Amino acid sequence: MEWHDEGIILGTRRHGETSAILEVMTPAHGRHLGLVRGGRSRKMQPVLQPGNRVEITWRARLDEHLGTFQVEPVELNAARLLDSAVAVYGIQVLAAHLRLLPERDPHPGLFETLRVVSAHLDDAAVAGPLVARFELAVLEELGFGLDLSRCALTGSREELAYVSPKTGRAASREAGEAWRDKLLPLPAFLLAGGETGCDGEALGEAFALTGFFLHRHVYEPRGLTEPEARSGFLSALRRSLGKGEDAA
């Protein structure tokens, strides 16, 4: 058994004295693990860092085996990401979300989203909105996507401002006003074709929205807790954006 693919490294763990088990996200083979012989060598350690883009060759006697990876670097992003707390926590959050998906299930659209997000994690102003959208994409891939295309009450596509915690469907500002205390705020930047910029309040609302549905549909049914990296990412994001506002 053998295949070739590109991948973004999510993490590694030791295996024996000299090898490592590598976890990558690939477009055609999903999240995949494999053994890298000599993965703990001085030559390979800088390559096998989260966030790096690599070319992968996987080989195994049978498809269900762990198999071995041959790894060639394409884009070494890890050194740049390590300079930012937002980026360090961010790549951990992305990896934790991807581990909610079945191993080896292909999700090419999510891989492309991961590629874009991971390339901008060291820019806090861009990373926040991108990670929030990534969480929406993960919910969609897991079968719990939110319907943010039109108002569930009127069918209107204008002035969408709320989301029902029961149905995950959007409501317009006017139609949802009477129930606003029972609805979740919907930041405009999460809407397709909507505003791209956002402030700290909108970011907080976005992560409260995605976090609510992650807890309801994923964490609680599976007996999981929210990954610590998510709260670390949000804290680092607030600190970074706060410094930016002070500087301005």
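**Basis.** I worked from a predicted model, in which local features need pLDDT of at least 70 and side-chain atom pairs count only at pLDDT 80 or more, while totals for chains, interfaces and linings use all residues. I numbered residues from 1 along each chain as its sequence is written, and side-chain values use heavy atoms, with hydrogens and water left out.

**Helix α3.** I took helices (H or I, at least four residues) and strands (E, at least two) as DSSP runs, numbered from the N terminus. I then looked up burial (buried is under 20% relative accessible area, exposed over 50%, partly exposed in between, with a 1.4 Å probe and protein chains only), and noted Leu 110, Phe 111, Leu 114, Val 117 and Ser 118 as buried in α3. Seen down the axis, these buried residues fall within an arc of 130° (taken from the directions from the helix axis to the C-beta atoms), so they line one face of α3. They pack against β1 (2-15), β2 (19-26), α1 (78-81), α2 (85-98) and α4 (124-141), where contact means heavy atoms within 4.5 Å.

**α2 against α3.** I found the two helices packed at an angle of about 170°, with their axes 11 Å apart; axes are lines fitted to C-alpha atoms, for helices over the stretch in contact, and angles run from 0 to 180 degrees between N-to-C directions. That makes α2 roughly antiparallel to α3 (angles over 145 degrees). Ile 91, Leu 94 and Leu 98 of α2 make the contact with Leu 110, Leu 114, Val 117 and Ser 118 of α3.

**Aromatic pairs.** My search of the whole structure gave four aromatic pairs, counting rings of Phe, Tyr and Trp (its six-membered ring) with centres within 6.5 Å, and calling planes under 30 degrees apart stacked, over 60 edge-to-face and the rest tilted. The rings of Phe 207 and Phe 233 have centres 6.1 Å apart and planes at 70°, so this pair is edge-to-face. Phe 207 lies in α6 (residues 200-222) and Phe 233 in α7 (residues 228-247), so the pair ties together parts 26 residues apart in sequence; both residues are buried. I also noted Trp 3, Trp 58 and Phe 69 as one aromatic cluster.

**Arg 59.** I placed Arg 59 in strand β4 (residues 53-59) and recorded it as partly exposed, at a relative accessible area of 35%.

Technical notes: Parallel < 35°, antiparallel > 145°, perpendicular 65-115°, else oblique.
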